[in-house]
Amino acid sequence: MNTFYLKIVACDRVFYEGEATILVFPVEDGEMAIMAHHEQMMTNIEIGAIRFKTPDGREQVAIVSDGMLTVKKNRVDVIVYSAERPEEIDEFRAEAAAERAREKLSHQQSLIDYNISMSSLARAMARLSGKDKYMPK
């Protein structure tokens with residue numbers, strides 16, 4: 001089985017380090033996948049869910065903030081501000097963050113503050129959506 005080395009790093013921890021067979025991550029216009037021996041590249045990661053499979057076939061999920069990804073010599077490095085497993089997400093905290101962002105968006109703001117509020121809302125919604133979608137029922 002073809003594998004590549006994957007390292008996912010967030011501000012507060014190394015989320016994953018080891019071999020993987022595929023990595024699917026959010027980009028501006030959808031999703032993109034990386035497999036073993038992918039061409040060298042660098043790209044942005046959008047807020048959303050990263051999914052990857054380990055060599056034993058287990059799929060793992062991380063809800064991430066925006067960041068960047070590099071591929072070089074069968075190694076993929078992902079650097080994001082935050083990465084959480086769906087079971088680690090505090091639903092009440094995410095809902096409160098979404099509500100705060102909506103409240104800020106309802107008031108007139110500078111362009112910078114507007115973009116910060118939109119980003120905060122997107123992160124909160126991704127966390128809520130990821131918890132709902134990937135947690136066992």
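This is a predicted model: local features need pLDDT of at least 70, side-chain atom pairs count only at pLDDT 80 or more; totals for chains, interfaces and linings use all residues.
Ala94, Ala98 and Ala101 are buried in α1. They cover an arc of only 65° around the axis, so they sit on the same side of α1. An α-helix has 3.6 residues a turn, so residues three or four places apart point the same way.

What do the buried residues of α1 pack against? Their partner is α2 (111-134). The face of α1 turned away from the buried side carries exposed residues: Phe92, Arg93, Arg100 and Lys104.

## The start of α1

Asp90 makes a contact at the start of α1. A side-chain oxygen of Asp90 comes to within 3.1 Å of the backbone nitrogen of Phe92. Phe92 is also one of the exposed residues on the face turned away from the buried side.

## The sheet

Five strands build an open sheet. Their order is β4-β3-β6-β7-β10, and the pairing is antiparallel. Which strands lie at the edges? They are β4 (30-35) and β10 (83-84), each of which pairs on one side only.

Strand β7 (residues 59-64) and β10 run antiparallel and are joined by two bridges. Val64 stands opposite Ala83 in β10.

## Helix against sheet

Notes: Residues are numbered from 1 along each chain as its sequence is written. Side-chain values use heavy atoms; hydrogens and water are left out. Buried means under 20% relative accessible area, exposed over 50%, partly exposed in between (1.4 Å probe, protein chains only). Helices (H or I, at least four residues) and strands (E, at least two) are DSSP runs, numbered from the N terminus. The arc is that of the directions from the helix axis to the C-beta atoms. Contact means heavy atoms within 4.5 Å. A polar contact is a pair of N or O atoms within 3.5 Å; within protein, one must be able to donate a hydrogen and the other to accept it, and residues adjacent in sequence count only if both atoms are side-chain atoms. Two strands pair if DSSP finds at least two bridges between them.
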